[in-house]
Amino acid sequence: MATIAPPPSKRQRREALERTQTQQDVTPSVIEAGSFKARFIDNDGNQLAETIEVPLGDATEKNVSLLLNTLLGREREEFTPYRFRIHIPSSNTIIDNYPTPAEFLSVLRKHGIENPFETTITLAAEPQAVFKVQAVTRMSNKIPGHGEAILAAQFSPKTSSLLATGSGDNTARLWNTDSGTPKSTLKGHTGWVLALAWSPDGQNLATGSMDKTVRIWDESGQPVGRPFNGHSKWITSIVWQPFHLWRDDTPKLASASKDATIRIWIVNTGRIEHVLSGHKASVSCVRWGGTDLIYSASQDKTVKVWDAVNGTLKHTLASHAHWVNHLALSTDFVLRTAFYDHTKNVPASLEEKRAKAKERFEKAAKQQGVIAERVISASDDFTMYLWDPAQGTKPLARLLGHQKQVNHVSFSPDGNLIASAGWDNHIKIWGRDGKFLTTLRAHVAPVYQCAFSADSRLLCSGSRDTTLKVWDMRSFKLSVDLPGHEDEVYALDWSLDGRLVGSGGKDKAVRLWRN
């Protein structure tokens, strides 16, 4: 059910005819001669290189990026692509989208800089991913198997050839995405499988169900140990402890439940280490941060921050006026992928793996040299709040704009963008500090979920209108429309190497999309 545009009206047809009959002005736009002084700073405001004059005619973003790499003395192979934001001198205005050389002067003059040739322009440089993910453009496989709607989907961090899905038919399934075939069916639950999560090392899968239990499976689909019993109502969300915090190769797992508690399990033994009780209503989402803090969102309108080691409550973040539906951390991507990255170099020893996972986390979390893991919460009160629990219980920003409940929120892998999906059919994009950037409009029904590509340049969204849509995060325009589902799309995930998008929903079949 792709959205079809209405036929052009009489007036539009007449105007189009007039446009084809008038002589086009083919003289190229003249770029004024001259140059401007550029001062480069990083995200924390530290100067990167000395101030330099840039000729206007050559001031494309790509050229300025090459220039900065040269100033930083990098070899050709080490060049990092940059994205630039322009800080207007003596005001707090920041231009997010870098203009073309032809528009450069007019954009600056519009912001009150009369003579750009005599002003030093500050350019904030944000490093972009060195690799590039291509937008998925076609459905490569439709794989039937589940007997009911698919409620959750996640790719293994180890390889994009393994996708796990959980369904209302009381099973989870593993799919081989290379051949587009079912790999194994994970039977054992006696209720809907509502939540699933791969361990960061990709060895095990945890599933949580309406039957109040959590089960662990290996990557071939065999059960590991006994089911974890303890919750008195169904499981809503599962998260693994970040890899660099594992002690003696013993992972832990946190599960949130409708019974208003979060339980921390020692995976190898199935023993409960802590029960985190304090919420007054169902816990809708749980996240485990890289500094060993657990964040939980609940229908009691609060977000609570727990110390995972002692099982004690550290903060209660109470600003929302309605249920809190979802949480995301600025470090979600690196915590989920641990030591797997785009280089495909997996360290040999356990110590090296842990060191690499820790280094990736610290790089993602550092702001101005301090580890600051940010949390964003999405709620039924139409708003979102951005928090830095290390600084206290006051929110850093309140993100307003959605006209209805906010379903889902996620940080881009580089931590610079936040995407929120709502019941108002829109996706909104925000800066890392919570500043509103744009609204993505094309869905014609509520948007349930969105997922960034590994290089943060693309976003994929799934909706009740049965389509997936891929958006370009540079121009904030629709890149590809992907019809193909026969009913609502509940779950989607973008593989961590960027090759595939997997989606599932009410029509019970898994669909794989690739370039």
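Helices (H or I, at least four residues) and strands (E, at least two) are DSSP runs, numbered from the N terminus. The model on display is predicted, so local features need pLDDT of at least 70 and side-chain atom pairs count only at pLDDT 80 or more, while totals for chains, interfaces and linings use all residues. Residues are numbered from 1 along each chain as its sequence is written, and side-chain values use heavy atoms, with hydrogens and water left out.

**Stop 1: helix α3**

Select residues 101–110, which form helix α3. Here P101, F104, L105, V107 and L108 are buried, a term for under 20% relative accessible area, with exposed meaning over 50% and partly exposed the range in between (1.4 Å probe, protein chains only). Just after the helix, select G112, which takes a positive phi of about 90°.

**Stop 2: helix α2**

Which residues of α2 are buried? They are E61, V64, S65, L68 and N69. Because they cover an arc of only 140° around the axis, they fall on the same side of α2. K62 and T70, on the other side of α2, are exposed. Display β1, β2 (52–55), β3 and β5 to see what the buried residues of α2 pack against. Continue to G73, which follows α2 and has a positive phi, near 70°.

**Stop 3: the nonpolar cores**

A nonpolar core is a set of buried Ala, Val, Leu, Ile, Met, Phe, Trp, Tyr and Cys residues joined through side-chain atoms within 4.5 Å. The largest one has 23 residues, of which F36, F84, I86, Y98 and L123 touch the most other members. At least two residues of this core come from each of β1, α2 (61–71), β3, α3 and β5, and α3 gives the largest share, four residues.

Another core, of 18 residues, lies apart from this one; A197, I216, V267 and F339 are among its members.

Return to F84 and show its contacts (heavy atoms within 4.5 Å). Not counting residues up to four places away in sequence, F84 touches F40, E61, V64, S65, L68, D96, Y98, L123, A124 and A125.

**Stop 4: the cavity**

Both this stop and the next rest on a 1 Å grid over the protein atoms alone: a cavity is a set of points where a 1.4 Å probe fits but cannot get out, a pocket is an open set with protein on both sides within 12 Å along at least five of seven lines, and lining residues have an atom within 4 Å of a point. Grid points are joined across faces, edges and corners, and a volume is the space filled by probe spheres set on the points.

How many cavities of 30 Å³ or more does the structure hold? There is one. The largest cavity contains about 70 Å³ of space. To outline it, select S330, A364, A365, K366, Q367, A372, R374, D414, G415, N416 and R432. Both α5 (350–365) and β24 (366–367) supply at least two residues of this lining. By class, the lining has three nonpolar, four polar and four charged residues. In this scheme Ala, Val, Leu, Ile, Met, Phe, Trp, Tyr, Cys and Pro count as nonpolar, Asp, Glu, Lys and Arg as charged, and the others, Gly among them, as polar.

**Stop 5: the second largest pocket**

The second largest pocket has a volume of about 1,400 Å³. It is lined by 48 residues, and V334, R360, K363, P413 and D414 are the closest to its centre. The lining takes at least two residues from each of β5, α4 (332–337), α5 and β24, with α5 giving the most, five residues. It divides into 17 nonpolar, 16 polar and 15 charged residues.

**Stop 6: V406**

Select V406, in strand β29 (residues 406–411). V406 counts as buried because its relative accessibility is 0%. Although V406 and S420 are 14 residues apart in sequence, they are 6.9 Å apart in space, C-alpha to C-alpha.

**Stop 7: two loop residues**

Finish with S456, in the loop between β33 (447–452) and β34 (458–463), and F476, in the loop between β35 (468–472) and β36 (477–482). S456 is not a glycine, yet has a positive phi of about 65°; F476, also not a glycine, has a positive phi of about 55°. S456 counts as buried at 6% relative accessibility, and F476 counts as buried at 13%.

Methods
The arc is that of the directions from the helix axis to the C-beta atoms.
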